[in-house]
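Please look over the structure below.

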Amino acid sequence: MVTISLCMIVKDEEDCLGRCLDSLKDLVDEMIIVDTGSTDRTKEIAKSYGAKVLDYEWKWDFADARNFAFAQATCDYIYSADADEELDEENQKRFRALKDDLCEFDIDIVQMYYCNQLSFRTVYNYDRELRPKLFKRVRPFIWEDPIHEQVCIDPVICNSEIEIIHRPKENHAGRDLHSFRRAINQGRRISKRLHNLYARELLMGGTPEDFIKSKDFFLRSALDNNRSLDEIKEACCILTHIGVLENDPLLILKYALKDAITEMSSEMCYELGEFYFGQGDVDEAIVWYYNAAYECESILDIKRSGTMPRLALAKCYRALGNEEQALDYEREAAELDEA
């Protein structure tokens, strides 16, 4: 049977680390716990499970920390976990079966389902999604093709049915947004994927101050010819929200019109609804909230095409004295929340 190293980076996780390690202790062959500065009992708990605990000076770089943890592993495969994850009994059985399968098949990466996302306000729009979680530690390079041969560099990826329960104990938006700003201030290029996640994190967990601090970045992004149309539309959504926060109609108009060159997003329509409601123009706010809910699609935050505009419509109709219509929209929002 293959051997597996558990690799984790942690800080102040005494409330959930034990539950995580309990669910994994019989599945892995070694535990590598990299601590980034805990002041609670995290390291003590990790050592009680026989883990190798290493200190790491935090540099606001999760990739560097995970690379450090992976470099300590000695087993055939590396399982990457966070302290707020766990496997229930059924998925522990699936994990054991997977270990048997890995003996027979040459697999480089195993993806597992990350679940329970929508129970908390995270940057992800789906409650269950595949993520790479198990990695072959040493990967051989093999030549392929009988002529014009080349080294195979594409990893062999397997999608498993293992479901990981995610139970975050707090919203990490503040920490993550600080990391985004730090990377930007260091002059690092923000990839298309991180551009999307930065905009999502702002919309789902950012404070007004976080939005204002992001303004210069997204102003540059909206003018960057090397950015994709998707990224420009994301920048427009953030800048329009900033315009609403700053009560700047010209900023709102400029980036709403830029977004309208293509099909408008639900996020943009929702921001226009917010602006008009704030101006006391309830009838116009209804038009844009309705478009957010029923005529457009989300590009960042599905709640801005789901519950949020419906609750905003209820607020508008209640302000107009139409309690029946307000209750209808609130019921519809509640149904979406339960779905």
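Is helix α1 (residues 17–24) largely enclosed by the rest of the structure or left open? This is a predicted model. In it, six of the eight α1 residues are buried, so the helix is largely enclosed by the rest of the structure. The buried residues are Leu 17, Gly 18, Cys 20, Leu 21, Ser 23 and Leu 24. Their cover includes the strands β1 (4–10), β2 (30–35), β4 (77–80) and β5 (85–86). It also includes the helices α2 (42–48) and α4 (89–104).

**Strand β4**

β4 is covered on both faces. Tyr 77 and Tyr 79 are buried on one side, Ile 78 and Ser 80 on the other. In a regular strand, side chains alternate between the two faces of the sheet. β4 runs parallel to β1, joined by four bridges. There, Cys 7 has Ser 80 as its bridge partner. β4 also pairs with β7 (residues 128–136), antiparallel, over three bridges. Ile 78 stands opposite Phe 135 of β7.

**A buried lysine**

Lys 99 sits in helix α4. Its relative accessibility is 7%, so it counts as buried, the cut-off being under 20%. Leaving aside residues up to four places away in sequence, Lys 99 touches Met 1, Val 2, Ile 4, Leu 27 and Asp 29.

**Salt bridges**

The whole structure holds 31 salt bridges.

| Pair | N to O distance |
|---|---|
| Arg 167 and Glu 86 | 2.7 Å |
| Lys 213 and Glu 209 | 3.2 Å |
| Lys 303 and Asp 337 | 3.7 Å |

Arg 167 and Glu 86 form a salt bridge at 2.7 Å. Arg 167 lies in the loop between β10 (157–166) and α5 (173–185), and Glu 86 in strand β5, so the pair ties together parts 81 residues apart in sequence. Arg 167 is partly exposed at 36% relative accessible area. Glu 86 is buried at 13%.

Lys 213 and Glu 209 both lie in helix α7 (residues 208–223), four residues apart, about one turn of the helix. Lys 213 is partly exposed at 45%, and Glu 209 is partly exposed at 48%.

Lys 303 pairs with Asp 337 at 3.7 Å. Lys 303 is in the loop between α11 (282–295) and α12 (307–319), and Asp 337 is in helix α13 (residues 323–338), so the pair ties together parts 34 residues apart in sequence. Lys 303 is partly exposed at 26%. Asp 337 counts as exposed at 53%.

A network of salt bridges links Arg 189, Asp 224, Arg 227 and Glu 231.

**A nonpolar patch**

Leu 250, Leu 253 and Leu 257 make a nonpolar surface patch of about 330 Å². Leu 253 is in helix α9 (residues 249–260). Leu 253 counts as partly exposed, at 47% relative accessibility.

Definitions and conventions: Residues are numbered from 1 along each chain as its sequence is written. This is a predicted model: local features need pLDDT of at least 70, side-chain atom pairs count only at pLDDT 80 or more; totals for chains, interfaces and linings use all residues. Side-chain values use heavy atoms; hydrogens and water are left out. Buried means under 20% relative accessible area, exposed over 50%, partly exposed in between (1.4 Å probe, protein chains only). Helices (H or I, at least four residues) and strands (E, at least two) are DSSP runs, numbered from the N terminus. Contact means heavy atoms within 4.5 Å. Patches are made of residues with over 30% relative accessible area and no salt bridge: like charges are joined within 9 Å, nonpolar side chains (Val, Leu, Ile, Met, Phe, Trp, Tyr) within 5 Å. Accessible areas come from the Shrake-Rupley method with a 1.4 Å probe; for residues, only the protein chains shown count as cover. A salt bridge is a side-chain nitrogen of Lys or Arg within 4 Å of a carboxyl oxygen of Asp or Glu. Two strands pair if DSSP finds at least two bridges between them.
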